Amino acid sequence: LDRAVDLLEQLIALGQEAMLHLKGPMPQDLPFMRAPGRIEDLKVYDAIFARVENSPTLRGALQIHSPGNDVAQFYGQIDHILSPSETESFHYALADGVLSGCHPIVWEREDAARIFSPEWIVRTAEDAAQAIIDFRALPEHERQRELLANRNLLVSRYGSSRIFSDLDQAIFGNRQSLDRRLGS
């Protein structure tokens, strides 16, 4: 969250219209965040929210959306999807956003460029801000072409036909040998 807020602040400082949208339960609403081992994490989140609230620049630029099954509607109002994690496995929200037509910004971390695309990777808030500004500067048809290419990349790598084909191969091996074993 701190990286996303840094980006928000950077965009506003550069004169860009920007709003950070968060969807889902807030850390203080999650019971496990009150566990002894997570209290320090909760304090970090509290400090980030206080930073936003106490900053004349950031106040009002953060919108929190409650959890719910209105994700498609939510992504319809989002232009860019952020993956600012330092560690993350796949990050389904990023994939959901890209498949819904959002422009991806992914902070560098292990395997991120391999899982997604090297073109989506940034190192700093400044890099992320520049990627957003560059994307916004493209003509509409080029933005749409890039969004479609991003979506197609995810579908080709992780779409159901690809995944089921890979599962068939992993489970059954060579399909012809399976057909012989089944007498087909």
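Me: Why does Lys-43 count as partly exposed?

Reply: This is a predicted model, and in it Lys-43 has 46% relative accessibility.

Me: What makes Glu-40 count as exposed?

Reply: Its value is 53% relative accessibility, so Glu-40 passes the over 50% mark and is called exposed.

Me: How do you know that the side chains of Lys-43 and Glu-40 meet in a salt bridge?

Reply: The N to O distance between these side chains is 3.4 Å, and the cut-off is within 4 Å. Both residues lie in helix H2, 3 residues apart, about one turn of the helix. As a rule, residues three or four places apart in an α-helix point the same way, because there are 3.6 residues a turn.

Me: Which salt bridge links distant parts of the chain?

Reply: That would be Glu-108 with Arg-123, at 3.2 Å from N to O. Glu-108 sits in the loop between S4 and helix H5, and Arg-123 in the loop between strand S5 and H6, 15 residues apart. Glu-108 has 41% relative accessibility, so it counts as partly exposed. Arg-123, with 60%, is exposed.

Me: How many salt bridges does a search of the whole structure find?

Reply: It finds 9. A network of salt bridges links Asp-6, Glu-9 and Arg-51.

Me: How do you know that the span of helix H1 agrees with what it should be?

Reply: Helix H1 takes in residues 2-13, which is 12 residues, and at 1.5 Å a residue it should span 16 Å. Its end C-alpha atoms are 16 Å apart, so the two values agree.

Me: Which residues of H1 are buried, and what puts them on the same side?

Reply: The buried ones are Ala-4, Val-5, Leu-7, Leu-8 and Leu-11. They cover an arc of only 155° around the axis, which puts them on the same side of H1. Among the elements that cover these residues are strand S1, helix H2 and helix H6. After H1 comes Gly-15, with a positive phi near 80°.

Me: How many aromatic pairs are there, and why is the one of Phe-90 and Tyr-92 called tilted?

Reply: The count comes to 5 aromatic pairs. For Phe-90 and Tyr-92 the ring centres are 5.0 Å apart and the planes stand at 55°, so the pair is tilted. Phe-90 counts as buried because its relative accessibility is 17%, whereas Tyr-92 is exposed at 61%.

Me: Why is the pair of Phe-90 and Tyr-158 called edge-to-face?

Reply: Here the centres are 5.0 Å apart and the planes stand at 80°, so the pair falls in the class over 60 degrees, edge-to-face. It links distant parts of the chain, with Phe-90 in the loop between S3 and helix H4 and Tyr-158 in helix H7, 68 residues apart. Tyr-158, at 31% relative accessibility, counts as partly exposed. Ring pairs join Phe-90, Tyr-92, Phe-116, Trp-120 and Tyr-158 into a cluster.

Conventions. Residues numbered from 1 in each chain as written. Predicted model: local features only at pLDDT ≥ 70, side-chain atom pairs only at ≥ 80, totals over all residues. Heavy atoms only, no water. Helix = DSSP H or I, 4+ residues; strand = E, 2+ residues; numbered from the N terminus. Expected span 1.5 Å × (residues − 1). Buried < 20%, exposed > 50% of the residue type's maximum accessible area, 1.4 Å probe, protein only. Arc of directions from axis to C-beta. Contact = heavy atoms within 4.5 Å. Phe/Tyr/Trp six-rings, centres within 6.5 Å; stacked < 30°, edge-to-face > 60°.
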